Amino acid sequence: MSFVNPDNLVAVALVINRSRDGPTFVFHYPAAVLPVGDDADHPGDAADSEDMLLEKLSRPLFRDAEDRSPSNSKHSHARRHNHDEHTMSESGTQTVPWESVAGFPTRDLAGILTPARPYHKKLFQLSLDPLLCVSYPIHVPESGKWKKTKRSKAGRALSAMDDDAPATSRAPSIAISAASAPNGSDDLEDKDKDKDNDKDKDNDKDKDNDKDKDKKDEDEEKRSSMTMFNLVFILRPKKDQTRELVDALYSNIAKKVNKAFKYSQQHSDFVWKESKKILATKDRAREDKKRMSDLWKELREQSSLAASVQDIYEAVSQNRIATLHLDTAAGVLSPSVQIPAPFYIADLPPDEAKRARGLWLTTANAFLTQDALEEPGFLDRNFGLLLMEDEKKIVTELQLQADGDPSALPMVEFVRLSKPTMSFYQVGQSNILSLSQVRKFAQHFIFWRRAIAIPPLHARDTYIVSPNCDLTRLPEASAEWQNAFPLAPPLPNFLSDMSVCPRPYKMFCPSKVHRPLYLRMLAWLMRGGWVTQLCTFAYVVVWPEIIYQVDY
């Protein structure tokens, strides 16, 4: 089980390609991405521990002293500080801090990160050892326009009539239009009227021609502008986690975010307009020699595209849900993406897996076959829903969405009916929701990390303190416990009592009157990963002779 973290996710960058100006590096986050080889604080994830040991042994004895010397630390601080400011070389060449990412010039990166059309909407990987770039390139359609032109119903009807009409039916209209005017005393007046009408038609044609010309110029400008864009994820994965990390990041983040950008580009030209705004701001900052940190702050405030790149990096690197806010001309789009995180583990994680600490430790479904897991009836009767947040908070959020989304009302009822002591089957027996709705809503809440599926809590079951609980959170959790249950024993004392000897949970309740309260306390402990259910498994061995007698 691998997680995306700031160590293996180096940066997120947006690159576009233009038919006239060529590839351009638009924006990246974080702002200062130092070369991998020069980053002394970053552990060598790409190297094995034996290689690191050999490298340290091969160094001179005075190398460590030099690394810890004040002059070397000042030099490192100056190097990081210079990465935020413009510098001038002895030859008079200006070095712009944002024109280098991870030690590579952005001009060179833009050229290699804009693949040709055969990579359109496909996985694109580029290795810059030890870095790895992963993306889902999006190219403009073959017509050269991002926006799809829709023909009106009247135009489609006329074209259909013209296509279906035979040649003989169209001949009379041509003959009538070509017929000469009748002879008589009104010929001169008719001619004068015809001349005036011709002049008016000529003026109208000139206006139409000007409009057509402006439209053609606009279409030509669109054709000659952005031909593709590519949101690139720059990784530094471990050797044994490269494939797993790439698959998770590509299918859950890169693919979905680029599709959202493509939708906004097709409907409101969002990516191209925001890219032009960002590039113009960077050109002005280059002339003014603005500091990179100030420029990046300005870009995030002015451009929702730049802010979305930041949101993607910060959320994905911290294993959270990334909710974007794309301020397009057609309205604000708020797509959400995430890498699905496991909510339980079956075995204790290694000591270095700090992110797995605190997850629910259980073997409730570790020994089940895949057929049993895919059977809805088994899951309905043996699992229930445990909300990861306060029920009132979730209901309030759903009620705010109910005005524009009618499907939120059944979800409100689902949240009110679902209790950690009830199975999905029991919730589906109500007259309000069907069992299929219960399954659908449960999958929705579990996928978006608002709930987890657990065996229904019962007072006769045995619960113990989880060996995977995160004791570093105990002081903070103790304060939350006292606020939630003021009359309950302190959290350390309660966990200590549950660690003495495994026994049914009802033995901790003073009386049956307190049992509902203690079940709510148990749900709180399960939500935080402090306790887990102690399960007993029995293996039934059947001899082949008995199986033969039963079958035949």
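Modeller: Two strands pair if DSSP finds at least two bridges between them. Strands (E, at least two residues) and helices (H or I, at least four) are DSSP runs, numbered from the N terminus. This is a predicted model, where local features need pLDDT of at least 70, side-chain atom pairs count only at pLDDT 80 or more, and totals for chains, interfaces and linings use all residues. Residues are numbered from 1 along each chain as its sequence is written, and side-chain values use heavy atoms, with hydrogens and water left out.

Colleague: Glad to have that. What makes β7 and β8 a pair?

Modeller: Strand β7 (residues 124–128) and strand β8 (residues 131–135) are joined by five bridges and run antiparallel. At least two bridges are needed, so the five between β7 and β8 qualify them as a pair. Leu-128 has Leu-131 of β8 as its bridge partner.

Colleague: And how many residues lie between β7 and β8 in the hairpin?

Modeller: Two residues separate the strands of that hairpin. Pro-130 sits in this loop between β7 and β8, and the peptide bond leading from Asp-129 to Pro-130 is cis, with omega near 5 degrees.

Colleague: Where is the cis bond with omega near 0 degrees?

Modeller: That one runs from Tyr-29 to Pro-30, and Pro-30 belongs to the loop between β2 (22–29) and α1 (49–58).

Colleague: Now the helices. Why are α10 and α11 called roughly perpendicular?

Modeller: The axes of α10 (residues 292–302) and α11 (residues 304–317) cross at roughly 110 degrees and come within 5 Å. Axes are lines fitted to C-alpha atoms, for helices over the stretch in contact, with angles from 0 to 180 degrees between N-to-C directions. Angles under 35 degrees count as roughly parallel, over 145 as roughly antiparallel, 65 to 115 as roughly perpendicular and the rest as oblique. α10 and α11 are therefore roughly perpendicular to each other. Leu-299, Arg-300 and Gln-302 of α10 make the contact with Ser-304, Ala-306, Ala-307 and Gln-310 of α11, where contact means heavy atoms within 4.5 Å.

Colleague: What is the angle between α19 and α20?

Modeller: Helix α19 (residues 491–498) and helix α20 (residues 515–527) have axes that cross at roughly 95 degrees and come within 13 Å. That makes α19 roughly perpendicular to α20. Leu-491, Phe-494, Leu-495 and Met-498 of α19 meet Tyr-518, Met-521, Trp-524 and Leu-525 of α20.

Colleague: How do the two contacts divide by class?

Modeller: Ala, Val, Leu, Ile, Met, Phe, Trp, Tyr, Cys and Pro count as nonpolar, Asp, Glu, Lys and Arg as charged, and the others, Gly among them, as polar. The contact of α19 with α20 has eight nonpolar, no polar and no charged residues. For α10 with α11 the division is three nonpolar, three polar and one charged.

Colleague: Why is Pro-475 called exposed, and Lys-121 partly exposed?

Modeller: Buried means under 20% relative accessible area, exposed over 50%, and partly exposed in between (1.4 Å probe, protein chains only). Pro-475, with 60%, is therefore exposed, and Lys-121, with 34%, is partly exposed. Pro-475 belongs to helix α18 (residues 474–484). Lys-121 lies in the loop between α4 (106–112) and β7, and has a positive phi near 55 degrees although not a glycine.

Colleague: How much of the protein chain is buried?

Modeller: Buried residues make up 36% of its 552 residues, and its secondary structure comes to 21 helices and 20 strands.
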